[in-house]
Amino acid sequence: MSGTVSGGRHALRDPRPEVEPVAIGDPGRAARAVIPQPDRRFPFRPAIVLDGVRIEGSSDAGGLEVRAASRRGLSHQYYGTTRQDEFGFLVTQDRRWLVVSVADGVSAGEYSHRAAEIVTREGCTRIAGLLTGVAPAALDWNAVLGEVSAVVVGQVRAELDLPGADLRQVADRAAATALFAVVAVDPDDGGGRTVHVMSLGDTSAWLLHSERETRWTPLQAVKNAGAAVASSATAAVPLIPRELPPPVAARLDQDGVLVLMTDGVGDALGGGTGEVGDHLARAWQRPPDPLNFAAQVGFARRSYDDDRTVVAVWPTPAPS
Amino acid sequence: MGEEKAKLLPFYLVIDVSWSMDGPSIDAANDIVPSLLEALEQNPILSDKVRFGLVDFSDDARVQLPLCDLLEPNLFVPTLSTRGGTSYGVAFRLLRKQVELDVMQLKADNYSVHRPVVFFLSDGAPTDEEHDWRSAFAELTQYDRQSKVGFPMYPNVIPFGVDNADPVILQSLIHPATGNKQMRMFLMDKGNTPAEAIKAMAEILISSVLSSGMSMANGGPGVVLPDPGQLPAGVSSFTADDEDFL
């Protein structure tokens, strides 16, 4: 081993485009009127986090391009409360799998952002650990969610100094939805990749095909479809149901995008057939600059003031 | 399903305009909407989603302000005046029709609609037949989730009683009366004037719209009523099983 530090790959790229605020339909009053207030309880928790990386494949057949953004919603900005959404992703040690997670802290809990952090970080780490021994289709999701819940309970008890708190008492303070996806870094012989998704609560996973007639394909039931009035009930870690929803396997083609999102985006997207679906499908035909991606995730639309988080995964190279 | 334009929180204020409300009471009632409007102007998060409707009733019931965005630029807020008896039945029937119409229209226009909230303000006992207003109230509020029989858009009902309102009757109008989304009623304390009590109730209504809106905006369960210990002077709150006021 020489003494030089090995660098990453590099390529010539366009200068970064300027970021412009995005509005879809009526932006509403809040988008222009709200002055963001800090949350004095959690001064070091940023309102916006974003990331953009390329996961190199093992051959020229390609890899994956990832964009991720999590933004504090207008409502939390207005009331001076922290962002409760979180994302996380990592590549397994053998570089075969990308593990992605999105979590939405349950609003009622003052420390739900901690639950969301734990779900995404501990969840991805544990899944990556399990993938050294089993294929994604054989993942023990009960074990993953059970262990993640145990960490939430342990951390909340320790951090809030509530050693005797039972599961319900912990969940009242810190709870989060949990969405995980496992994607193969390399395409299979057919040129596509199998995606495995587990979703607890109303965070949602989608396949996006900008060029097809049906652009947005949900990988789970759409929230509130067919309900007379809207409901906001949702399942969340650490109170996991005895019977988990079944994991979903889907195929990510070379011209598709895997998109994971919290309901801050998902509620506005609905079934994906309206102007939000159109707008985002156009914006995400190709991986945008990460700053623009964050701006797109933060689109202004009347009454949609919840935290917003999206992780999108493009197979690369994109079809020419 | 497609996508939704916005998530809306509908509130209705239903005001008794029988003769006995004449004078300072109706003046105080007429101040409620302008005060709410002022509060919403200060809160862009809520003004983006609160829809408000005003209904008055006497021997007949009238929609005085159809469910609307109170901050619409050309909105005209009507002034209520008194006009006759106190028929609860006509108020409940109109509400049943209006809530259904409004929610269906909003849903047809691709809005997501939260369960409506009705603030029901009265200063006297109903002058119509009990079986009549009771059955009208049941049609407004009853819904069976299993059989899907009844009115799925049933509102939460929060009665406000002043002056000669019958506490026992108003108590029976609290909806839901039980369960984890139990509502409460607010009554004028003995010795207070109706106009002062209505002003206090306006405060309660505004605080409830603001905190319910904040709760729902944050994915909370819905209607938030002020803590019984935090009420303005001259009014008290009761649940459907309280007996303190008897």
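Author: Let's go for the largest nonpolar core, which has 80 residues. Keep in mind that this is a predicted model. The residues with the most contacts inside that core are Val14(B), Ala91(B), Leu95(B), Phe119(B) and Met201(B). Take Ala91(B): leaving out residues up to four places away in sequence, Ala91(B) touches Val14(B), Val55(B), Phe57(B) and Ala61(B). Apart from this core lies another one, of 78 residues, and among them are Val144(A), Ala178(A), Val197(A) and Val310(A).

E1(B) covers residues 7–16, and ten of its ten residues are buried, so the strand is largely enclosed by the rest of the structure. Here's a handy bit of background: in a regular strand, side chains alternate between the two faces of the sheet.

Who are the neighbours of E1(B)? Strand E2 of chain B, residues 50–57, runs parallel to E1(B) and is joined to it by eight bridges. There, Ile15(B) has Asp56(B) as its bridge partner. Strand E5 of chain B, residues 117–122, also pairs with E1(B) in the parallel sense, over five bridges. In that pairing Leu13(B) stands opposite Phe119(B), and Phe119(B) is one of the residues with the most contacts in the core we started with. Then there's strand E4 of chain B, residues 112–113, which pairs with E1(B) in the parallel sense over two bridges. Lys7(B) stands opposite Ser112(B) there.

For a contrast, hop over to chain A. Six strands there form an open sheet in the order E1-E2-E11-E10-E7-E8, with antiparallel pairing. Strands E1 (48–55) and E8 (216–218) of chain A stand at the edges with a single partner strand each, so one side of each has no neighbour in the sheet. From one strand to the next, the twist averages 15°. Inside the sheet, E7(A) (residues 204–208) and E10(A) (residues 257–261) pair in the antiparallel sense over five bridges, and Ser204(A) stands opposite Met261(A).

Note on methods
Residues numbered from 1 in each chain as written. Chains lettered and ligands numbered in written order. Predicted model: local features only at pLDDT ≥ 70, side-chain atom pairs only at ≥ 80, totals over all residues. Core = buried A, V, L, I, M, F, W, Y, C linked by C-beta atoms within 7 Å. Buried ≥ 20, exposed ≤ 12 C-beta atoms within 10 Å, placed from the backbone. Contact = placed C-beta atoms within 7 Å. Helix = DSSP H or I, 4+ residues; strand = E, 2+ residues; numbered from the N terminus. Pairing = 2+ DSSP bridges. Axes fitted to C-alpha atoms, helices over the stretch in contact; angles between N-to-C directions.
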